[in-house]
Structures are given as C-alpha cells and as structure tokens.
Amino acid sequence: MNILVCFIAAPDLDKLIEEDWVIDKDLQIDTSFLKPTLNSYDESAIEIALRLSDASQKTKVSINHKALTIASTPATTILKTLNALRFKQVVRIDSQDDFRFRPGAIAYILSQYVLKHATQDVLFLGRQSTVGENAKTHLLVAERLGWPCITQVSGIEVIDENHLVVTSQVDDGQIRQKIQTPCVLCIGEVPNTFMRVPTIKDRMLYGKRPIEILSTTDFQLPDETEELLDLKVISHERHGIFIEGETPEQKARELYKMYLKERLEKI
Amino acid sequence: MPLKRKQIVEALYNIAGKDHVVTDEQILKESSVDRFRRFEAYHGVYSLPMPAAVVYVKNTHDVAAVIKFANENRVNVVPRTGHSATEGGLETALENSIVLDGSGMNQILAIDTYNMQATVQCGASLQELDDRLREQGYTTGHSPQSKPLAQLGGLVATRSIGQFSTLYGGIEDMVVGLEAVFPDGGITRIKNVPRRAAGPDIRHVIIGNEGTLCFITEITVKIYKYFPENNQFLGYTLDNMKTGFEILREVMVNGYRPSVARLYDPEDGAYHFSHFAEDRCVLIFVAEGVKPIADATATAIEDIVDRHDECVKVDPKLIEKWFAHLNWDPANLAAEKVEIMETKNVCNTTEISANWGIINDIYEVCMQRVRNEIPDLTLLGGHSSHSYLNGTNLYFVYFYNVVDCKPEEELTKYHLAIKKIIVEETIKAGGSMCHHHGVGKHRTHWIQKEYGSSYYILKKLKSAFDPNNIMNMGTIIPLEK
Amino acid sequence: MIYKGILNGCSTDIATQAGELNNFISDNLHSEDTVGSTILFYSEKEQRDALIRLVPTESVKLVRITRYQPENILKALTTMEQGEMTHLYLFPSGFAGSEMAVRLAFRMKGSSLVQVKQIEYSGVQLIASKTVYANHVLGTFKLTKKPYCVSLAKGSANDQAINTRDKLIVTEYDMTHLHENQFIKASKAIPRKQASNLTNTRFLLIGGNGMKNKADTQYLKQIADTIGADFGVSRPVAMSGWTSLHRQVGVSGSMTKAAVCIVAGASGAAAFYAGIEKSKFIVAINTDSRAPINKTSDVAIIDDYKAVLDELVKVMREDRPI
C-alpha cells in the first residue's frame, strides 16, 4: 500500500513571547528566529505511517510510505530525520511564495503531484497548520482528486492491499469504518503518537539519502477565492491580580471569601 | 543503635513544628532523588533509601537545631533549596535521611546599590532577585539555565555558573560573604568586604561544598550595573570545532571579556540552530556593559573572527532571540516529561573543563568513543559555553532511545556509561571532570583521580567539619562500603 | 442577501448547532434585505417535531436521510441547491460543519472559510474574520466567489432562546434512497458514552501540565466532583491518555463559557486559552509566577495547586454543605 504523508514545518508559536507578536506592513509576523518544527497532527500522521510500516510483517501488506512538504525554507533537518526514520522517499516542493493562507494552492499542488505520480493509495494530512489554521487543505485535495475523505482520524489498521479500518471522531462520538482505497485521511487528535527519534546510526545510514526537490514553478497555480486582508494581534489580558498569603491555605481562603463565594452562590 | 524513623520524625516535630515536617509518601519518594533519576521517577520507580522526612525550615535557628540533632544522633542530612540538581547530589543515599529544605527561607534581605551587593536567604529565587535588581538597573550577572527554578543556597553549594560567566565569572566570583550552619550546630558568618589577606579564603570551604560540610543559610553577592540596551549579539557558522576553540582562545588571551562566548558543534548546534546552521558549527558572542566597552569588545571580536575565512556571519537577531527563549521553566519541564514518556528518548549531559592545549583532543576522543561504544544514541554533541584565560569548558549533550531495559537500568546502560568515557578521557588528558554541575553522587568514583595528591585536603575538610559523617553522605566523597 | 443554515439533525449535538446558528444570525445577518432559511438533515422520524422547534429561521427544508455520511450530504446538497440563488451557506462549528463548508464551496465553485467569528456582506464580496496563528491573531479575509460557505467559530452559541415560530414553512424531502458511498464497506458508530458537558458548564475546574500522572488527574476530578464543578484538561494531559478526549478544553477540544473557571497547573498556551476565554471569571493556580496564564486570569495564586484546592474544599465545606 502506498501512503503519502503530507506535512508542513512551521515555528512552534508557543515559543514566541509577548513582544514577538508584531505584524508588519506586509502582514507578516517575524518567526525566522525559531527553528521549524512539526505540529502535533503532522507528528501523529508520521508516527502512524511508521507504525503501519512496522506492522507490515504481521499484516503481510507491504507499506510504501513517502513524505512530502511544500516549503520556502529548506527545513533540511526535518527532512533528513524522515529519511533516517526510513520513509521510502522524501520530497520537498520548493517555493518562495507565501502559502500561509492559500490552502487552495497547496491542495492544487498536492493533487497535481499525486496525479503525476499516480501510485498513491492513501494520503495522510494533518488537520491544520498552526499558522494559517485554514483546516481546508485535506478537503480540497480530496475534492480535486475526486477521492473520498475521512476527517479527524484517530486510528488506522491495514486489512489488505486495498482496505483499511479507520476510526475517526465525529461530532457525537466516534465511527469505525472499513473503507476501500484510494482515500484522503485527515489526522486529528491521536493520543500517544509522539514522533519517534531516529538513532545517530540510522541518520548516518539513511539520513543522507537524496531528497527529491521539485519547484512550485512546475505547477500552474489556480486563483484564490479567499484573500487575506488584515491581521491583528489579540490581547487576552485580564486583571491578573495575585492573591498573596503566607501559606497556600491562606490564599485558598482569601480566594473563596473575596472572589468565589458570591459568584458560586449565583450558579 | 541508629534512631528509628518514628523517633526522627518526632524530634523534627519538636524542633520545627509539625506543620513544617512532611512525611507524605509521594513527597518522600520525590525527595529521594533529583533530576539525575528523572526517567525512573517519571515511571514511578524509586529505588533509593527513603528519607524519614522533609523539613521545611523557617530560620537559621531551626537549621542549627535540626543539624545539631542529626549530628548527635548520626542521622544523614541532605540539604536542598530549589531541587533542580542534575548530578544526584540530592539523592538520599542512606535510609531515614532528613531532607533539610531551605526553600521557605526566601527573603531578599537587602539590596545595597551604593556598596553594590545584595543579601538574601538561601531559598531566595535567583529569578526573583535578578528581576528585582533589573527593575532598578542592576543585575547579579548570574544566569544559569535553571534560573527560573534554582535558589541561591543551592547555587552557591554547587558552584553554579551562568550564561554570562565569561564577563561576570562563576558564583565563586560573585559571593562576598556567607552565613552557614556546621554539623555541631554552630552558626558561622563570613563578613562582606572587598578583599582581605587574612589567611586562606575560607569562603571556599563553603562554596561548592554540595551540602557535605555545612548548610548555607544566607548569601551576599556582588551586583553589577545592567545596560541591556548596549548588548551586542554576534553569531557565526563555521566548519571546525578546532577553529572555534582557536577563536575563543584569541578573544580571551587578548583580554576581551564578552559576557557570552559559546561554540557549538554541528550536532548540538542542529538541536538549537537548524534554521540557520545546517551541519555547521556555531559561534556566539554577546558583548555587554557600558557602551564604549560593549562596542569595543564587539568590534574586536569581529576583527578576530574575520581573520578566519571559514566563519560566516549570521543575523544577530537570531542570536538575540535565541537567548530570550533559552531557560527552563516549569512548562518546559512538564512538556519534556510527556515527551520522554512517549518516545523513551532521554537527554543527559556531562560537563568538563580543560586548558586550551588539550580541549580539542578531549572533544574528539570523547565523541569518537561514545559514538562507537554506546548503543541507541539519537544525538551526540557538545558545546563550549564558559571560557577563561587558560582554557574553556565542554558540555557534552546526548540523547538516546531507551531500548530493552527497565527504567531503573537506564542510567547504567546509557548515561553513566557515557559519563565514564568522558570523565576518564578528561582526567587522563589533564582536565577536570566537573565544570559546573558539581560532583553529586555519580562522579565520586573518580574523585581521587580528579584531585590527585590534593585529595588529602578534601578528605581533611570532611573529617574536620563533619566528623560524624552526617552531611549529605555519598556526595563528592564516595560512601565507604 | 439570501442565506441558508445547514443543520445535522442526526447528531446528538443538534441543539448546540442550532444555538450557534441562531446566535450568529442575530449578530451578523439583521439587515432588512437578508432572507434566510434552514436545511435540516435528519434520519429518525420520531424526532422530526422536536427538531423543527430548533430551527432558527422562518422556513426550513427537512431532508430525511438514512445516515449523515459526508459524501451523501454533499450529493444531496448540490442536487437540491442547483440553480438556487443562495449567497451564503452557514454551517455549525463541528467537524461535519467545517468539512461540508469547504467541500460544498468547491463543488459549487464558490469560496469558503472555516471557524468564522464574524461576517459582513458588501454586496460584491463577503468579509469574514477568524483566529489564526494558534489563537494569537485575528485574521480578516475577503471571499470573492459566490456562494460563500462558512462554518462558525467554535463556542459561538449563547443561551439565547430560539423563537418557536407558529408559521414555520416546512418543505419535506425524502433522500433515504441515497446509498452509502461505495468506498465504505462497513461502518459502526460508537456514540460518546456521556455527551460532552463542558460547553455549557457554569463551573469548571481544569488541570494542565502540572499534573504529573494519571493519579493527579483522578485527584483533580475528585476535587471537581466535590465542589460541584465539571472537570476539564488541557491538551497535553488529554494526549497523555490520562482522561477521555472529550474533557479536552481549547481550540481542539471544548470551548467553554463558565461563570467560574479554575485552571490548575496550566501555563496557558493561546490555543488552550481560547477554550476558556469566554469565562466570566478565571482563577489560575500554578507554581510559575511568569506563566502567561496569570496575566490572562482575573486572579492568580502562585502555589502548589493541591494544597490550595484541598483547602478550598475545606472552606467550602465549612461554608455550606457540598
């Protein structure tokens, strides 16, 4: 089974401090001083693909997993890590464009890639990027390819060459479905799927395999139907009064007396 | 007949008051270890002897009473404040130890900006002290990565060093005077004077004693004027560690005093700087102080680096921002824990120091041996972060996947095996096996080799000040079996 | 402008969906020339009347289907809406809503945006805003192609009662003949054991990173039960598998709006904070005086959360039987 994991390397926004949140006249926020990382959805997608590959001896279905990203920065360390984790192939589509809020363009490129290299059975995509929060790419890829899509996937089992059992979250619970490939799977919240760390040995042996690099100029991009007009930093500040006291007990009593008692009585 | 646990706890109730003595099982477990055994602790495995109680002392008088009681009854005492130690110094090596916790003695007693010194209790938080000082335009000059957690007593007891040490020095260069309690219950104070030639500098009996000689209750440190607006950040990428060591040496021997002078190898560098230094070493400087000095220092360093063709300058903002995000905080540590539990990927470190003439050889042989001899490594790198006129330190950083072993076997299989290589190679070459974490309980095996013939002085200190062997036994000097 | 709200009556969270839609309409679509209606999908006949009462517009198309399967709903919607002059489709904030908004826009050659907080229609384009950069930044977007399909931001429902209308115009459609999409070979729904009760909770206790293990989680849950609060967790705790996922609070969990919200041992990442920002009163308890949560709370206690909460239980017991 051919699995293509599509991911995005982006700065860990929790690392930014208050003064870093500055929007410039081109609606950019400078995060160049942070090293790129993978968000939790992408980490889960990668780890799930690796686990399916680990299980292939048991399932007798060989897994051919490939990883692909569209990136303006090389993010070479991440790509090498994926090589070292023994993805069969790692692809970077190079681009200098600002793709933060262009899920349509990304989806177009991904679908074109899949059509050109028509060997993929399943696409894994993380639910959304931390920067753009578009949450559209997986859906638009599915639409462009005419493939079905399951969102908020939390578990995948391989049944045979063409079938998977997929567990996903829906608005009032979960659903477990046996499905036929090809399909797009959007990876949501999956507990206990931190991405594993390759050993130095594997990095020496596999990490330096060539990364396939394509360029977005190879793709004719469609016009966007949504356009960013403005960005504004949101302030969440409240009073932030520190309750002082000698002991935790004193503070708890102060909290109850001054702030909670009356409010809780109204509930 | 050693005292029973119950008797110890009763006595502590009488001395410190019941409210200040904790015997909760989970707290005792957590108090039997420090960050050295965090992998075991994350798994809820606690293999060391359990302490009898943790005493949260309120004043020097209580400290003296507890220690006197322990001394008279031969009970082991483990002093601690911020609990951020990494080398096992806070492990309770003996059954029914008393963990003497000074974190509640957290007052900043005086900030004297005329005589440029600040006096604090042992549990004062370094972060708080430095924040207070910075509000008034001063700084301690001390900024270890543990700054948000560590407290002054522990920092002095372990001979801590901070990121700006190349200008301000280690804690030993900052401490002016001290108050400490020795095992007989005696309270000693060393006065705060600029210098004196009145016999040996006895501050050094206390600084770095790691709780094996006395309990530090009060500290006076120098303070410095703080001019962050003049800070100049410099960053370079380069091919070889050897070149980097040469540049550090040139900067130091020519008398320049940047506050920060750091050199990362490609592996360690990739962990921090993969966004601008791919497979390259990274060299970082910060020049600070009054403007003419900061400017002159930065210009001179740039000139020195420019003479080495392999160095490529990077945007100073990358370095400035990196510093702003470097320190540990409770959220980092919690996230680290979740990640370690999930991935079984653990990070540990060992720091050594050596003269310029041998530092690169030590770096190379350690890297090669660890890489060849230790399994399951996922990262092995190192950096120099504190330079001196005659040499520098090396901070080896290693991550490994814990494979096929129980939580309690992790240290022996990996961390200690790596430490052994680094310590032995360093001592063999003529360096020091401990640069700034302290000896703790897991480098004691080599302490005689570290000291050579001067081990006599160390042993004598211990027997003179702690004749009943009650102070943090097993630390610095190994337990006699 | 003509708009249509799309509701999924097959899901047990239908009341929340309707509430969101109702609230969004009254905040954003009040100009005189707007005309709105609702399309409501459902499968259980006996629920029909109850569902109708939730409809926030004056007319509704009731579409009966066998199961709410995205591919089927898309087929149904595109068939029904062919040739209609709808400018705007509104979907609720849930997983299904966001999925439908994007895919319907693609199929109808329109434009889409998910998790929208606010809209404004100029006659030629739709201006819509939503949070980006992990809840740190508000982004404003221009949607250029009709129909505009948007899903609403999570937590946008309020307690506003929906007017039960006497003269509701109901049109019925039967689409039970739509078959499962062929790619699904078998399926089994696993309903949530207990419906997520966090969205509408009045009193909430949340545990964050400061919880070291499952036992800590259980301890906090017990405290919550004792003081009569609902219990939630931040993402790292949920991801450790120490509680069920539905307790997660934040952008990828519940968006709450409690009268009192106590946050123990969380540093307050923006994506988490989004889940509690509508609280009337926020209390932070943690050991880190520099944690961002302190500034974004009404009051903060820097101390061990266990010691504080144990005492809080005591003092509440003294004050009134709980």
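Analyst: Start with the terms. Axes are lines fitted to C-alpha atoms, for helices over the stretch in contact, and angles run from 0 to 180 degrees between N-to-C directions. Helices are DSSP runs (H or I, at least four residues), numbered from the N terminus. This is a predicted model: local features need pLDDT of at least 70, side-chain atom pairs count only at pLDDT 80 or more, and totals for chains, interfaces and linings use all residues. Residues are numbered from 1 along each chain as its sequence is written, and chains are lettered from A and ligands numbered from 1 in the order in which they are written.

User: At what angle do helix 10 and helix 15 of chain B pack?

Analyst: Two packed helices are described by the angle between their axes and the distance between the axes. Here helix 10 (residues 241-253) and helix 15 (residues 356-373) of chain B pack at about 155°, with axes 10 Å apart. That makes helix 10 of chain B roughly antiparallel to helix 15 of chain B (angles over 145 degrees count so).

User: Which residues make the contact?

Analyst: Two residues are in contact if their C-beta atoms, placed from the backbone, lie within 7 Å. Helix 10 of chain B gives Met241(B), Lys242(B), Phe245(B) and Arg249(B). Helix 15 of chain B gives Trp356(B), Ile359(B), Asn360(B) and Tyr363(B).

User: Which residues of helix 10 of chain B are buried?

Analyst: A residue is buried if 20 or more other C-beta atoms lie within 10 Å of its own. In helix 10 of chain B, they are Met241(B), Gly244(B), Phe245(B), Ile247(B), Leu248(B), Arg249(B), Val251(B) and Met252(B).

User: What follows helix 10 of chain B?

Analyst: Gly255(B) does, with a positive phi near 90°.

How values were computed. Helices (H or I, at least four residues) and strands (E, at least two) are DSSP runs, numbered from the N terminus. Angles under 35 degrees count as roughly parallel, over 145 as roughly antiparallel, 65 to 115 as roughly perpendicular and the rest as oblique. A residue is buried if 20 or more other C-beta atoms lie within 10 Å of its own, exposed if 12 or fewer, and partly exposed in between; C-beta atoms are placed from the backbone.
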